[in-house]
Amino acid sequence: MRFIPHTVGDVTEMLERIGVNTLEDLFVGVPEPVRLKRPLDLSAPASETELLRELKALAVKNATPETHKSFLGGGAYCHFIPAVIDLLISRSEFYTAYTPYQPEISQGTLQAVFEFQSLICQLTGMDAANASMYDGASACAEAVLMAVRLTRRKRVLLSRALNPRYRAVVATYCRYLSLDLVDVAVAADGWTDLADLNAKLDETTAAVVVGYPNYFGVIEDVANLAEISHGAGARLVTAVAEPVALGLLKSPGELGADIVVGDGQSFGLPLAFGGPYVGFFAVRQKDVRAMPGRLVGETTDLEGQRGFVLTLATREQHIRREKATSNICSNQGLCALMATIFMSLLGKQGLREMAEQNLAKAAYARQQLSGIKGFSLVFNGPVFNEFVVRSKAPVAEVLRRLEGVGILAGIPLGEDYPELADCFLVCVTEQNQREEIDALVAALQGGAA
Amino acid sequence: MTTLGTSGLVLNEKLLFEHSEPGRKGYSLSKLDVPATALPAELCREEISGFPELSEVDVVRHFTRLSTWNYGVDSGFYPLGSCTMKYNPKVNEVAARIPGLASIHPATPAHLAQGTLELMYRLQGALAEVSGFARVTLQPAAGAQGELTGMLVIRAWHEARGSKRSKVLIPDTAHGTNPATAALTGYDVVPLASDGVLTLEEVEAHMNDDVAALMVTNPNTLGLFETNIEAICKLVHDRGGLVYCDGANLNALMGIARPGDMGIDVMHFNLHKTFSTPHGGGGPGAGPVGVTEKLIPYLPGPGVERVGNDYRLEAESADSVGRMMAFHGNVGVMVRAYAYIRSMGAAGLRRASEMAVLNANYVRARLEGVYDLPYKSRSLHEVVFSDKDLEGGCHTLDVAKRLIDYGYHPPTIYFPLVVKGAIMIEPTETESQEVLDEFCDAMIAIAGEARDNPELLHQAPVRSRIRRLDETTAARKPKLKWEEGA
């Protein structure tokens, strides 16, 4: 076995030094009745060549943006990934290290996390960000828990226009905490319904949670939502599933959000069937000590040199145990590094340019699709790179037909929104060439007549 | 003696933001091939204040230099107890990057995602076989999220039976995540005392009809097998509770014994520990959860099922605790763990556990007598010493910092909490006798230095790029980001 260096001679010598006769003797602590009396039933080991052959045979059964024209979004996005990212994170000093418990030999990770925290603050317009969360959905759930802790209130209002999978994860995390999770309706233009929000908001409300842009791609009026929420003493949590939008849109911080969470997958992470991605979490200065997750802070060493350490650990489970702000321990370190490298490369201009391309391509697709007989646009609110299309023909049939011509046209909405059973969600990014969009339009046209 | 650690040229590096020059670019985007559009101005921000402007070369040099300030498993011996810092096979990295696996969108219809679904199905099966559980969910993103999943499942099972139990028993040797998780599930924590291992009497004294579950770690954080586990599980079950096992230490048991066969009801795996996926400087990991038959309906959905030759995402059961992640968990990590299991096979996994235990016991044999060993029972995959016998006013932290000068990543320190000044060493199976000998020689030399020249320890490390850091000021006046002009 190439990962285990022991020779027969090593084993004999080591057993002798330990003072036992056989390997079996090392396991005396494991009582006989619980021992496994047979070999594990697993496939015979594969050589490197066999393994890669097997995995490639599986891989070709998958449809991807390389094999299909893809318009899938809904919380995971196909964007340009600079070659630099994978090569840099393949430096094994990064990927084979663990949590930087020993700062003197972990400054690479620590400084990169400090830079990640800084970039997330700049992007979101917030004061402080943590070292990362598992994904946007679990970050959103942790934000709800934080708002509940801070306000000591029990009611949480979730916009129905928030990504349904984020809402589901919030519900899971809150399942046994005696909280009251209430849905807020979607207005006709695709925004969170302000009248419904006002009707449901009260002095027991801890948090109002909205997507920005929301699941339908619509750009919510965060300033207004913040003002309404604050009027009742509730915190506004803004979830950003598509952070490329923040290259162009006003930051949630500038608009008055109290907690900004989101997913950094768009920033250089492969789609990988849903993970690993990277959640981000940003707060106002006054709330820093109530924040979950790891934090890196700047300090100096004995000789006055700048250095970085894990800090404010007294919030965390390894010290506070059951009184910790969260149970999160490992986060998504390497993914945060990928997002950091992405933001460094794109920078001030690049992120804006990318955002503008997404906006333009989606607007073009939206305009083209709106003219096809049998299809219509559902919401009128301003959108970023996603939008909802209604189909006269059954959605499942339309999507299936387009798969047949190599197009993944969108995500059906019926399962999450029964009232939108005749709709699907289309996403267009800078990676979709005009010809692809035109092919989508042509294919839809072909079947609608 | 010649030590592994030495000093050499290391390059300084500023923060990204300090390199920034207006107008510099590090990206290339295709030319826009549709008409440009604009949003209403009131929706748009000014430029992102502080965001850097760098060339590709700037960025590559920056992160390359940062990487050289790190120590990873590929740099050298990394005996961080409870973290199982084994070698991360390179073929796993290649596997996870195979285009069809790396670039598939999570909302791809199941019939066009058969490759990944089949891989997930096979991994679920392999983990179930290794652990002895009826079903495994792959969704949780890390060990702590696996714990949360498992405890939610336990609570859901109780609630479905109309049982309103409010407490969870947790031994004093447990990882801090255990009590934090119990609290997140709405339970109160009752700490149990252990004397190395948990006794039946201690569990019996606290196990009543208000206790929902016992959370154990087996082998525990002292590296000891919980010898009474079968009797303890039976007692907890007889009194209407369930047993959760923190599977962080599964690396001691593969092919030797299976938690599912011991009476344990729920366990999380750490794919980034036992199954060789890289730790990534603090994630991503993956924390699948195995359960017994009766708990299957409560697992988060969707799992992967096989119908004939087709693989599908199961419909979520009505009793499910719900989703833990937006999509299907850290699939890229699953590909690596699957590749590891396929490379090792049954005999290879058993050999890994045997050699991990051999290595821990070898380190123990070489250091016992030099360092205090508080628990004398036979160790499994890790061994815990204390700083009790250290001379010269030196403590565990000093030994850890001095090890850096010698060229090693220090062990886990000051954990488990039941050992004062704990030094927790987990060598894993991927280290050779020579590496262990050199490390033990360093540990022995350091104990000698503590006696003869304790200042060497107090000042350490001196060979690292930076010296000991002022953590107190960092916590008192937190500076958590770069600010323009600050």
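Guide: A helix here is a DSSP run of H or I with at least four residues, and helices are numbered from the N terminus. In this predicted model, α7 of chain B spans residues 177-184, and α7(B) is followed by B:Gly186, whose phi is positive, near 85 degrees.

Visitor: What makes helix α7 of chain B largely enclosed by the rest of the structure?

Guide: A residue is called buried if 20 or more other C-beta atoms lie within 10 Å of its own, and eight of the eight residues of α7(B) are buried, so the helix is largely enclosed by the rest of the structure. The residues concerned are B:Thr177, B:Asn178, B:Pro179, B:Ala180, B:Thr181, B:Ala182, B:Ala183 and B:Leu184.

Visitor: Which elements do the buried residues of α7(B) pack against?

Guide: From chain A there is α11 (317-320), while chain B itself contributes α6 (143-160), β2 (167-171), β3 (188-192), β4 (211-217) and β5 (242-246).

Visitor: With which residues is B:Gly176 in contact, leaving aside its neighbours within four places in sequence?

Guide: A contact requires C-beta atoms within 7 Å of each other, and B:Gly176 makes such contacts with A:Gln317, A:His318 and A:Arg321. B:Gly223, by comparison, stands 47 residues from B:Gly176 in sequence, and the two C-alpha atoms are 17 Å apart in space.

Visitor: How do you know that β2(B) and β3(B) pair?

Guide: Pairing asks for at least two bridges between two strands, and β2(B) and β3(B) have five, in the parallel sense, so they are counted as a pair. Within this pairing B:Val168 stands opposite B:Val189 in β3(B). The chain passes from β2(B) through α7(B) to β3(B), a β-α-β crossover that is right-handed.

Visitor: How many residues of chain A are in contact with chain B, and which helix supplies the largest share?

Guide: There are 165 residues of chain A in contact with 172 residues of chain B, and helix α12 (residues 333-370) of chain A supplies the largest share of the chain A side, 22 residues. By class, that side of chain A divides into 88 nonpolar, 46 polar and 31 charged residues.

Visitor: Which domains is chain A divided into, and how far apart do their C-alpha centres lie?

Guide: An automatic or database assignment sets the bounds, giving domain 1 (69-81 + 348-448) and domain 2 (84-342) of chain A, whose C-alpha centres lie 27 Å apart. Their contact takes 25 residues from domain 1 and 26 residues from domain 2 of chain A. On the domain 1 side, α12 and β12 (386-391) of chain A each supply at least two residues, and the largest share, seven residues, comes from α12(A).

Note on methods: Residues are numbered from 1 along each chain as its sequence is written. Chains are lettered from A and ligands numbered from 1 in the order in which they are written. This is a predicted model: local features need pLDDT of at least 70, side-chain atom pairs count only at pLDDT 80 or more; totals for chains, interfaces and linings use all residues. Two residues are in contact if their C-beta atoms, placed from the backbone, lie within 7 Å. Ala, Val, Leu, Ile, Met, Phe, Trp, Tyr, Cys and Pro count as nonpolar, Asp, Glu, Lys and Arg as charged, and the others, Gly among them, as polar. A residue is buried if 20 or more other C-beta atoms lie within 10 Å of its own, exposed if 12 or fewer, and partly exposed in between; C-beta atoms are placed from the backbone. A crossover is right-handed if, with the strands pointing away from the viewer, the path from the first strand over the helix to the second runs clockwise.
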